[in-house]
Amino acid sequence: MCYSVYIDICKGYLLYAVVVYFAVKVFYFLSICTKNWFERNPTRNVNDNFKTPTVNSFADTKQIDSEVDKEENEENEENGCLPALPQHLQHIPLEYRRMSHNDMVDASLKFYQIMNQRRTVRHFSCDPVPIEVIQNIIRTAGTAPSGAHTEPWIFAVVESLDVKQKIRTIIEEEEEINYKKRMGKIWTTDLKPLRTNWVKEYLTEAPYLILVFKQLYSFREDGIKKLHYYNEQSVSIAVGILLTAIHHAGLVSLTSTPLNCGPAIRKLLDRPLSEKLTILLPVGYPAEGCTVPDLKRKDLEHIMVKY
Ligand SMILES: Cc1cc2nc3c(=O)[nH]c(=O)nc-3n(C[C@H](O)[C@H](O)[C@H](O)COP(=O)(O)O)c2cc1C
């Protein structure tokens, strides 16, 4: 008798547990459905305020965009999260002209031939270079892509002989230690064919020095810190374009990375702590009778793999 009552009580508990289990499952399922529905159907109907811009409706949508921006910015400010770029950035038609097959092959071959003439030059003429050319070169570098369009670069252009001399002193002092102590036998041996050492006349001979700083972060107008994603890669691409622009303008340069000189040069040029010196380029004309090492470049088959 007692035993069957005990079994009945257990059955009751079991049934109760099964019912509770399924009730929780149903509740969970309903809450997920409701959440998804609200996400897909926000209280404010975006379509009432924001029309997808067509080519001819950009002027109309500018006003609408800024109203939507304001409203959404207020919402996001409350959440403490705002994109660094405008919330409803316009998307405009791409300016693009498709080239014919032959033109493309022609243009790419010609450009390769031009770029294949680029050389690192270590002996510069003092002849002046028009500042407009330097400005255009830097404008060109500034067209580089960057992580989330953060443009994490600043190009310091030095023309003053006094500043160039101070930079040279900093670099030569450090480079002497680099060559004698820090770089080691293998590195200095590898550099011997290039005939480089710690004496850097080009730092005062070249009419301009361009010092490329990468910005680790910056501050938005509202004072919020702006993170610079992939700043290293972005600046490297910008420097590649800078070198291409220098060559295209008929000038020469020397890609250099002065080891251990960054902080002193940053202080000299009064740049903030958020900036790091990445590359220093003297830019100008080659000195009369200038020579370059007779280097060979790898063939296509050694630099390209096709799958
Ligand atoms: C990241 C980097 C750092 C370099 N640093 C120096 C340098 O400190 N001093 C120097 O004389 N050349 C420097 N060079 C230039 C290379 O030696 C040169 O690019 C290489 O020898 C190939 O020659 P080319 O540029 O004429 O093709 C550097 C190049 C790169 C890409």
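**Close-up 1. His149 in the loop between helix H5 and strand E1.** In this predicted model, His149 sits in the loop that runs between helix H5 (131-141) and strand E1 (153-158). Phi of His149 is positive, near 50 degrees, in a residue other than glycine. His149 has 11 other C-beta atoms within 10 Å, so it is exposed; the cut-off for exposed is 12 or fewer.

Close-up 2. Ile134, Ile137 and Ala141 are the buried residues of H5. These buried residues line one face of the helix, because they fall within an arc of 60 degrees when seen down the axis of H5. Glu132, Gln135 and Arg139 lie on the other side of H5 and are exposed. The cover over the buried residues of H5 includes strands E1, E2 (208-215) and E6 (275-284), along with helix H9 (231-248).

**Close-up 3. Asn260 in the loop between strand E5 and helix H10.** Asn260 belongs to the loop between strand E5 (252-253) and helix H10 (262-268). Its phi is positive, about 70 degrees, although Asn260 is not a glycine. With 14 other C-beta atoms within 10 Å, Asn260 is partly exposed.

**Close-up 4. The shell around the ligand.** Arg119, Thr120 and Arg122 are among the residues around the ligand. Leu194 and Thr196 also belong to this shell. By class, the shell holds four nonpolar, five polar and two charged residues.

How values were computed: Residues numbered from 1 in each chain as written. Predicted model: local features only at pLDDT ≥ 70, side-chain atom pairs only at ≥ 80, totals over all residues. Near = placed C-beta within 6 Å. Nonpolar A, V, L, I, M, F, W, Y, C, P; charged D, E, K, R; others polar. Helix = DSSP H or I, 4+ residues; strand = E, 2+ residues; numbered from the N terminus. Buried ≥ 20, exposed ≤ 12 C-beta atoms within 10 Å, placed from the backbone. Arc of directions from axis to C-beta. Contact = placed C-beta atoms within 7 Å.
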